Amino acid sequence: MRSGVSLRMLVTLSLWGLLAITAVLPSWYAFDKLQLALEAETKRQLIQELELVCLLLHQRSDFQDPQELQDWFKDVARPLEVRLTYVTAEGQVLADSEIPFEQLKDLEDFSGRPEIAQALHGGVGYMTRFSKTVQSEQVFAARSIQFSPKIPAGVVRLATSVKPVATLLDHLW
């Protein structure tokens with residue numbers, strides 16, 4: 001009797017290996033496509049909400065000061081489950097739905113944030129990155145706007161956590 005692996009065992013193991021590969025590759029491909037589709041849908045929805053907020057700002061253009069804008073941002077951000085931030089063209093944060101108004105003056109210059117810089121150069125800025133302010137991975141959409149004579153021109157930015165999408169994908173894989 002010969003020692004080692006028989007031809008039958010070698011063929012059986014090869015077929016099982018081939019079967020495993022053919023089962024895993026389509027799943028990996030489908031997961032990758034699903035991830036791209038979810039990211040695209042998140043971007044589309046966030047930009048749509050950004051446009052809605054800009055429309056509402058233009059309709060309600062009688063803000064008297066940044067504190068009034070801050071209060072309005074809190075009211076609007078809550079049902080949308082987003083963070084709303086207003087940044088002047090110079091990078092100063094005038095309003096933020098998640099940062100107390102008294103602390104805004106202590107925030108750093110936001111003009112270097114990628115989505116803010118993109119918006120200041122025209123169009124819509126979009127970025128997924130780690131937020132140092134709220135200490136979590138966020139998706140950002142920003143757009144330049146001038147809506148009130150008493151509030152300087154700047155950028156409206158929406159942010160939402162990537163955690164719900166990441167959690168969904170983790171459960172699938």
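In β4, glutamate 137 is the bridge partner of phenylalanine 130. This is a predicted model, where local features need pLDDT of at least 70, side-chain atom pairs count only at pLDDT 80 or more, and totals for chains, interfaces and linings use all residues. Residues are numbered from 1 along each chain as its sequence is written, and side-chain values use heavy atoms, leaving out hydrogens and water.

**Strand pairing** (strands pair if DSSP finds at least two bridges between them)
- Strands β3 (residues 124–131) and β4 (residues 136–145) run antiparallel, joined by eight bridges.
- Four residues lie between the strands of this hairpin, and glutamine 135 takes a positive phi near 60°.
- β4 also runs antiparallel to β5 (residues 154–161), again with eight bridges.
- Arginine 157 in β5 stands opposite alanine 142.

**Helix α1**
- Helix α1 covers residues 7–59, 53 residues in total.
- Its first and last C-alpha atoms lie 78 Å apart, close to the expected 78 Å (1.5 Å times one less than the number of residues).
- Its buried residues (under 20% relative accessible area, 1.4 Å probe, protein chains only) include Phe31, Leu38, Leu46 and Glu49.

**Whole chain**
- The chain has four helices and five strands, which are DSSP runs (helices H or I, at least four residues; strands E, at least two) numbered from the N terminus.
- Their order along the sequence is α-α-β-β-α-β-β-β-α.
- The C-alpha trace spans about 95 × 30 × 30 Å along its principal axes.
- Of the 173 residues, 32% count as buried.

Methods. Buried < 20%, exposed > 50% of the residue type's maximum accessible area, 1.4 Å probe, protein only.
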